Amino acid sequence: MTTGAWDYLVVTASNERQASSYREEFRLRQALGFIPAATRVLAVPDPDGRRIGSGGSTILCLLEILGRAIPPGAAERLDPEAWRRALERLRILIVHAGGDAKRIPAYGACGKIFIPVPGESDRALGLTLLDRQLPVYLALPSGGPGRGQVVVTTGDVLLDFDPSRVDLSGRGVTGLGCYASPELASRHGVFCLDADGRRVRHFLQKPTRAEQAARRAVRRHGQSVLDIGVMSFDADAAVRLLALSGSAEGAGGALVWSGSFGRAVEEAGLDFYREICCAMGTEAERGDYVRSMASGGSRLPGPVLDGIFEAMSAVPFAVELLPRCGFLHFGTPRQLITSGLDLLRGEGGLSAGPSCLVVNSEICEKGEVAGARSWVEGCRIAAPLRLGGDNVVCGVDIDEALALTERAVLDVVPGRDRAGNDVWFIRLYGTDDLLNVSLAAGGSLAGLGLADWLAALGASPEDVWVPEIPVDDRQAWNGRFFPAVREPAAFRDWLWLMDPTGATPRAKTAWKKADRYSFAEMSALASHRAFHARRFAIRAEALRRSLDRLFRPESEFSAPELALVLGGLGPAERRRWFGDLLRAAFRHFGADGRGSDVEALELSRLLHTAGSALA
């Protein structure tokens, strides 16, 4: 199948603040030519910060695009046939990237799609999950001729497959799947296929092993067909989905949903893979669908579910079964470690690899990292860091020796307190904590049940949860457990939070008096700009220390990237860069240099850019 440029690359966001941060990151990548296959890039937030789910945000993205494609005031603006004609001319890629990072709060400030990931690169911007994902997504083939194409993907997994082997030209919806164990499949979506191995009979969301067997989902060699989160659909299917929304023109002429459907989505959310995909399939039945939605956690009312089934059950649904697909998830601290290690081992073709991942961090002369099965990212390490194992450390300056116990997570993130003052939020918790699970259901913090954690501090629930939070919804996520401090080095005063059972009376008193915040509050108050600026500065220093790499013929580092790096530095740092550039240039192109004419031309361009930035 052929590929073509995408008319729109759209990323979804939880709120306007996150969307604004995404736009800035995409602006940088577009300016550097990192996204050549997409004409327009949009970041679309959930309305007023209300979480509307991947299905709701898919509809919102399509309404945003139609609002741009059909002029305001046009008579056909609310006509589904006009929508169809507009969508038949477009290729749209939607990456669902909205989320509060409830299970991985260290990266709430950047969003999961911008989690830094390991890997070799000469580019000015450190590799992120998005930078790894996007080349595969953008290389997906076009849909059927003249039928338009919308592809939805999820932003917190890293997929490795050959997009040239994929056929997305069928009518209706085509999902991508791969074989996986029923145990792994039970945590995701599962395709139940017809005898032809392509048409979908049922789509199951997080089914048990027994449910997979009952639906004949388990196929050859005891494997099920796992949904990897990529769905492609044509304009007809998109219009059926949009027609549910009862669209109208809103403020400024924007297309918005209206009526009972829109209110229900804003109140309960609409999940693309649950409420929409489960309504499709040759053997899907209304009663079974409604029952499975109720048992599967859907909060949409019956009449809305009936409408979804009526609209989507007739849509053809097929699967492209991939012969091979790497599937790495980066949704929890534990997965940062395991998926990061798997990524490096896979790329190196090694059965064994590094036991500790140091990602986009600066290790100075006296600094070192010792430990196993751990993730260290965005840190400046000028002293020994000893890790007990299964640790995650993010955004920390290690100026004195530091040792962390096994399964401890330490992350420091800049932001503002409730009064608007600059602060650093200090968070210490466990690699396997259940941060978004209620106290009653077994939520945990620092390896302890929440009730035990509070008891260790001699604290009551009222000390951490505000009255507005219902008792049944009390989680580590929304409890005020963590202090805001004026200096980031003050994290050392709070290391005991990883073992509150050993807290001294003085420590307990300090905790009760501290200005404390919940993960939910910190997610809103953390500084996206400061988070990215820290990583950018660390990346710039790493590039300066390895300038010889930038002069290799195969290096991808460009003059615009050099201008970006130099433009983000102070005068002293820029002068240091320029001096080091000249020294590296002399080593390559001086009296004993062996550079080619092409390399010399590239050198001239780099030095001209450096000189302009210095001036």
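Me: What should I know about the model and the numbering before I start?
Reply: It's a predicted model, so local features need pLDDT of at least 70 and side-chain atom pairs count only at pLDDT 80 or more, while totals for chains, interfaces and linings use all residues. Residues are numbered from 1 along each chain as its sequence is written, and side-chain values use heavy atoms, with hydrogens and water left out.

Me: What is the strand order in the open sheet of three strands?
Reply: Helices (H or I, at least four residues) and strands (E, at least two) are DSSP runs, numbered from the N terminus. Two strands pair if DSSP finds at least two bridges between them. Here the order is β15-β18-β21, with parallel pairing. β15 (362–363) and β21 (397–398) are the edge strands with a single partner each, so one side of each has no neighbour in the sheet. β18 (residues 380–381) is joined to β21 by two bridges, and R380 sits opposite D397 in β21.

Me: Is strand β24 largely enclosed or left open by the rest of the structure?
Reply: Look at burial: buried is under 20% relative accessible area, exposed is over 50%, and partly exposed lies in between (1.4 Å probe, protein chains only). In β24 (residues 422–430), seven of the nine residues are buried, so the strand is largely enclosed.

Me: Which strands does β24 pair with?
Reply: β23 (residues 408–416) pairs with β24 in the antiparallel sense over nine bridges, with L410 opposite L428. Their hairpin has five residues between the strands, and G420 there takes a positive phi near 90°. β24 also runs antiparallel to β27 (residues 482–485), over two bridges, and W424 faces V485 in that strand.

Me: At what angle do helices α3 and α7 pack?
Reply: Axes are lines fitted to C-alpha atoms, for helices over the stretch in contact, and angles run from 0 to 180 degrees between N-to-C directions. For α3 (residues 80–87) and α7 (residues 235–243) the angle is about 140°, with the axes 9 Å apart. Contact means heavy atoms within 4.5 Å; among the residues that meet are W83 in α3 and L242 in α7.

Me: Where is R132, and what does its side chain reach?
Reply: R132 belongs to helix α4 (residues 129–138) and, at 18% relative accessibility, counts as buried. A polar atom of its side chain lies 2.5 Å from the backbone oxygen of P118. Beyond neighbours within four places in sequence, R132 is in contact with residues including L158, L343 and E347.

Conventions: Polar contact = N/O pair within 3.5 Å; in protein donor to acceptor, adjacent residues only side chain to side chain.
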